[in-house]
Amino acid sequence: MSLVISHLARRFGATQVLRGIDLTVDQGELIALLGPSGSGKTTLLRIIAGLDWPDAGGLSFDGADWLAKSAAERRIGFVFQHYALFPHMTVRDNIAFGLSVLPRSDRPAKAQIASTVDGLLSFLQIEGLADRYPAELSGGQRQRVALGRAMAINPRVLLLDEPFGALDAQVRRDLRRWLRGVHDSAGTTSIFVTHDQEEAFELADRVVVMNGGVIEQTGHPDEIYDHPATSFVARFLGLTVEVPVTMRAGRAQAAGIDLSALPRRAMADGPATLFLRPADILPVPDPQAPFRVTEIASTGALLRVVAQDDAGCRIEAEVPRREGRDLRKGQPVALRPAAGQIFPGGPQTAAVPIQTPMTLKEARP
Amino acid sequence: MTPATAPAALAPRPDRRAQWLLVGLAVALTMFIVVVPLIYIFWRALSEGLGVFAQNILAPDTLHAIWLTSVVAVITLPVNLAIGIAAAWLIARFTFPGRKLLLTIIELPFSISPIIAGVCYLLLYGRQGLLGPVLAAGDIKILFALPGIVMVTLFVTSPFVAREVLPLMQAQGSEQEQAALTLGASGWQIFRLVTLPNIRWALLYGAVLATARAVGEFGAVSVVSGAIRGQTNTLPLQIELLFNDLNTVGAFAAATTLTLIALMVLVVKTVIEGRTR
């Protein structure tokens with residue numbers, strides 16, 4: 001019982017939106033499609049739903065070819081970013097919609113539909129809203145109704161397009177936990193699209209990072225966070241500091257940066273680029289060091305420290321305020337990263353976003 | 001917008017002279033251009049008493065004109081609804097070559113003078129017209145008969161429904177319909193349960209406008225109907241006829257019926273506008 005996507009490609013006019021997507025989703029998994037806008041993630045979701053068709057490639061569920069089936073025949077649940085609730089129907093009628101449009105021979109009796117809806121209403125914790133209209137609900141409540149409507153047909157796969165995109169931060173966090181609970185107790189295979197990495201990491205069993213119509217990396221959230229496979233994933237996950245280094249005998253070297261905390265890498269000698277998170281860099285006062293502190297700004301809990309060397313290399317670090325007490329503007333500092341990711345090639349090649357899937361595969365360690 | 005609270009004590013006193021001038025101008029213009037002529041119709045129609053008024057309304061030719069106009073309105077309405085929904089659906093939901101052209105063609109009757117529409121029909125379906133011999137051979141009578149009047153009225157009124165429904169369908173987008181699709185609804189179910197309820201007020205509004213126009217259309221109908229008394233004379237044509245016969249009371253009496261229909265339509269339109277906003 002798995003969803004198999006193979007070599008899927010889709011073009012809109014001159015834009016190649018998907019360039020060969022391969023992905024297998026297992027029964028009961030909760031998958032996040034994570035990527036910046038324009039990465040093709042929503043197009044992929046719509047193709048799975050049957051709201052769009054690919055130009056090439058295959059899509060099958062449990063052995064059955066889904067490209068030969070209409071959206072209705074696939075029996076998927078789709079939750080739209082802006083909910084797309086039917087404004088002239090009550091919450092109850094919205095949720096019952098998928099059951100009441102079934103052909104007369106398959107349609108459950110009225111009483112049975114009503115009890116299914118009641119069950120969903122209490123499952124989604126919106127019993128009190130049954131007779132309201134969508135216009136009378138808050139964003140979070142609408143989201144729950146949209147989910148209830150999609151779940152009423154007992155879908156094989158639940159697809160959610162930016163499920164929390166239109167909500168404010170607090171409601172987002174609550175609903176995220178709630179959705180994880182709903183997924184776990186319903187046991188449906190679910191795929192959701194998001195551009196928010198925190199959301200993807202907190203919610204998903206497996207995160208699929210997409211960029212420019214290809215999958216950059218697939219894996220468990222921690223795995224992706226600790227070992228980004230490509231420079232794109234590294235940048236996207238907040239490893240925003242890029243330092244040119246030289247590889248020698250598996251170790252990276254750079255003047256004024258203490259890289260002894262990084263593990264040895266099986267990588268050829270030569271120029272490489274080190275990607276760091278600002279929070280992983282600790283500036284240590286050192287009179288011999290080539291870096292000087294040029295800016296210090298407090299964001300409350302953290303100090304944002306900018307250090308620069310004579311060659312113009314500018315590095316931003318985030319330090320807990322207590323640990324940065326001794327730092328002064330103009331002071332020479334050595335930089336000590338606690339973790340980082342190294343990709344072969346100088347900063348020039350790494351700074352240009354890599355366009356073709358071929359080079360991306362080569363870039364994988 | 002006027003603020004809900006009274007202006008503060010130190011706020012500058014507003015100069016309302018320009019405001020009052022504009023309001024006065026608007027009221028005066030409305031009075032002399034719309035209200036006074038309307039009242040005058042009723043005044044003249046009733047000037048010789050209710051009996052004469054009733055006698056004129058119940059004159060066989062006038063009654064027949066009222067009947068004919070109603071028949072035309074009743075026939076054109078469903079056709080207009082069907083054309084309007086189909087066109088709006090097509091343009092709002094699909095992209096195809098010639099989409100812009102279709103949009104322009106739908107609006108064409110708005111920019112063409114109705115009399116030109118009438119003349120076109122005359123040239124096409126008339127005895128000396130392009131299709132004249134064919135129609136004569138099949139003994140089909142279009143001009144100077146009900147079919148011609150209905151067709152030319154359709155020509156004039158066809159843009160109203162699509163013009164009202166299309167912007168609404170474009171603004172609403174197709175997400176709700178896609179949602180219904182993923183929930184297993186058939187095309188007809190999607191239309192009946194999702195699309196139609198969303199556009200119902202715009203549809204009704206367009207229908208009201210189209211009907212008002214169908215009832216009141218003069219130019220195009222006058223060319224194709226032949227204005228045969230008691231046979232192909234619609235209400236507007238009958239009014240002109242009575243007026244030309246110097247039967248002022250009769251003309252004004254017939255005009256009151258048309259005016260009453262128009263006022264009723266106006267009330268319905270206002271009510272619908274209230275619902276849509």
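This is a predicted model: local features need pLDDT of at least 70, side-chain atom pairs count only at pLDDT 80 or more; totals for chains, interfaces and linings use all residues.
View 1. Chain A contains 11 helices and 19 strands, and along its principal axes its C-alpha trace spans about 85 × 45 × 35 Å. Of the 365 residues of chain A, 40% count as buried. When contacts in chain A with a separation of 6 or more are considered, 66% of them involve residues 24 or more positions apart. An unreviewed UniProt entry lists residues 3-237 of chain A under "domain: ABC transporter"; in the model this span is 37% helix and 26% strand, and its end C-alpha atoms lie 27 Å apart.

**View 2. The contact between chain A and chain B.** Chain A contributes 17 residues to this contact, and chain B contributes 12 residues. On the side of chain A that touches chain B, the elements giving two or more residues are helix H2 (71-74), strand S6 (76-79) and helix H3 (91-100) of chain A. Sorted by class, that side of chain A has 13 nonpolar, three polar and one charged residues.

**View 3. Helix H3 of chain A against helix H4 of chain A.** The axes of H3(A) and H4(A), the latter covering residues 110-123, come within 10 Å and cross at roughly 130°. An angle over 145 degrees would count as roughly antiparallel and one from 65 to 115 as roughly perpendicular, so H3(A) is oblique to H4(A). H3(A) passes H4(A) in a right-handed crossing. From H3(A), the residues that make the contact are A:Arg92, A:Ile95, A:Ala96, A:Leu99 and A:Ser100, and from H4(A) they are A:Ile113, A:Thr116, A:Val117 and A:Leu120. The contact of H3(A) with H4(A) has six nonpolar, two polar and one charged residues.

**View 4. Helix H3 of chain A against helix H5 of chain A.** H3(A) also packs with H5(A), which covers residues 139-151, at an angle of about 30° and with the axes 6 Å apart. Angles under 35 degrees count as roughly parallel, and H3(A) is therefore roughly parallel to H5(A). The contact joins A:Val91, A:Asn94, A:Ile95, A:Phe97 and A:Gly98 of H3(A) to A:Val145, A:Gly148 and A:Arg149 of H5(A). By class, the residues of the contact of H3(A) with H5(A) are four nonpolar, three polar and one charged. A:Ile95 belongs to the contact of H3(A) with H4(A) and also to the contact of H3(A) with H5(A).

**View 5. Helices H9 and H10 of chain B.** H9(B), residues 175-182, and H10(B), residues 187-216, pack at an angle of about 140° with their axes 10 Å apart, and these two helices are therefore oblique to each other. H9(B) passes H10(B) in a right-handed crossing. In this contact, B:Gln176, B:Glu177, B:Ala180 and B:Leu181 of H9(B) meet B:Ile190, B:Leu193, B:Val194 and B:Thr195 of H10(B). The residues of the contact comprise five nonpolar, two polar and one charged.

**View 6. B:Arg192 in helix H10 of chain B.** B:Arg192 lies in H10 of chain B and counts as partly exposed because it has 13 C-beta neighbours inside 10 Å. The C-alpha atom of B:Arg192 is separated by 34 Å from that of B:Ile66, the two residues being 126 residues apart along the chain.

**View 7. Annotated spans of chain B, and helix H12 of chain B with the residue B:Leu246 that follows.** UniProt, in an unreviewed entry, lists residues 66-273 of chain B for "domain: ABC transmembrane type-1", a span that is 80% helix and 0% strand in the model, with end C-alpha atoms 28 Å apart. The unreviewed entry also places the feature "transmembrane region" at several spans of chain B, including residues 144-162 and 248-268. Residues 144-162 of chain B are 84% helix and 0% strand, with end C-alpha atoms 29 Å apart, while residues 248-268 of chain B are 100% helix and 0% strand, with end C-alpha atoms 30 Å apart. In H12 of chain B, which covers residues 235-244, the buried residues are B:Leu235, B:Pro236, B:Leu237, B:Gln238, B:Ile239 and B:Leu242. H12(B) is followed by B:Leu246, which has a positive phi near 65°.

Conventions:
Residues are numbered from 1 along each chain as its sequence is written. Chains are lettered from A and ligands numbered from 1 in the order in which they are written. Axes are lines fitted to C-alpha atoms, for helices over the stretch in contact, and angles run from 0 to 180 degrees between N-to-C directions. Helices (H or I, at least four residues) and strands (E, at least two) are DSSP runs, numbered from the N terminus. A crossing is left-handed if the near helix is turned anticlockwise from the far one by less than a right angle, and right-handed if clockwise. Two residues are in contact if their C-beta atoms, placed from the backbone, lie within 7 Å. Ala, Val, Leu, Ile, Met, Phe, Trp, Tyr, Cys and Pro count as nonpolar, Asp, Glu, Lys and Arg as charged, and the others, Gly among them, as polar. UniProt positions are given in the numbering used here, feature names are shortened, and annotations may be inferred rather than shown by experiment. A residue is buried if 20 or more other C-beta atoms lie within 10 Å of its own, exposed if 12 or fewer, and partly exposed in between; C-beta atoms are placed from the backbone.
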